[in-house]
Amino acid sequence: MKKEKVRDRIIRVASELFYKQGYNSTGINQIIAEADIAIGSLYNHFASKNDLLQAYLIKEEQDWFEGLEKSMALISDPKEKISAIIDYRKKLQQSSKFAGCHFIKIVSEIGDGNAAVSTFAKNHKEKQKVIIQDIVQEYNELHQLPDSDLIAENIFLLIEGAVVTSTITKKNDSFNKIKKMIMGLLL
């Protein structure tokens, strides 16, 4: 097995801690201890905790979109692609024990106090929305929808709402409900 690079280990440990206990509740000393590194190693790779936060967001986004891509890789039907997105978000909730979306959590914790973070999270959600819009447009070419832009927006909002609802209820039934609603929107 390939040995994990120090920088990757720092990001992995920080990511786990930021997600599990929050950015503000995670100290540099805890990251150093749990990554089992010297303080100098951390600062060789990251000038500050904020730089580490940026690396965390980049890694989470990369992992998120790679996972989504894999879940849709073998699917050509647009309706099935939308279904795969819902299943992917459901799977993420289950695997995180309903801890919620990394990006919603960090924005709710940091708020507008860090413009780079809130902009990054907003752009992440926009990228998700564009994927849905593209799929709905693909579906629209086959089945003329009354308002494909509105339908794409509704699908995005229903999925985001299901993520929040499942985080609160610690159950995934909201995904099953929205899947029925969304399949109804795609006549």
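Good morning. The structure is a predicted model, in which local features need pLDDT of at least 70, side-chain atom pairs count only at pLDDT 80 or more, and totals for chains, interfaces and linings use all residues. Residues are numbered from 1 along each chain as its sequence is written, and side-chain values use heavy atoms, with hydrogens and water left out.

I begin with the overall fold. The chain has 9 helices and 0 strands, where helices (H or I, at least four residues) and strands (E, at least two) are DSSP runs numbered from the N terminus. Its C-alpha atoms fill a box of roughly 60 × 35 × 30 Å along the principal axes.

Two annotations come from UniProt, whose positions are given in the numbering used here, with shortened feature names, and which may be inferred rather than shown by experiment. An unreviewed entry places "domain: HTH tetR-type" at residues 4-64; that span is 77% helix and 0% strand, with its end C-alpha atoms 20 Å apart. UniProt also lists residues 27-46 as "DNA-binding region", again in an unreviewed entry. Residues 27-46 are 75% helix and 0% strand, and their end C-alpha atoms lie 14 Å apart.

I turn now to a helix pair. The axes of helix 5 (residues 78-95) and helix 7 (residues 115-142) come within 8 Å and cross at roughly 155°. Here axes are lines fitted to C-alpha atoms, for helices over the stretch in contact, and angles run from 0 to 180 degrees between N-to-C directions. Helix 5 is therefore roughly antiparallel to helix 7 (the term applies to angles over 145 degrees). In contact terms (heavy atoms within 4.5 Å), residues including Ile82, Ile85 and Arg89 of helix 5 meet residues including Gln128, Ile131 and Ile132 of helix 7.

What lines the largest cavity? The lining consists of Trp64, Leu68, Ile85, Arg89, Gln128, Ile131, Ile132, Phe156, Ile159 and Glu160. Helix 4 (49-72), helix 5, helix 7 and helix 8 (148-169) each give two or more residues to this lining. A cavity is a set of points, on a 1 Å grid over the protein atoms alone, where a 1.4 Å probe fits but cannot get out, and lining residues have an atom within 4 Å of a point. The structure holds 1 cavity of 30 Å³ or more, and about 50 Å³ of space lies in the largest cavity; volume is the space filled by probe spheres set on the points.

Technical notes
Parallel < 35°, antiparallel > 145°, perpendicular 65-115°, else oblique. 1 Å grid on protein atoms, 1.4 Å probe; cavity = no way out; pocket = protein on both sides within 12 Å on 5 of 7 lines; lining within 4 Å.
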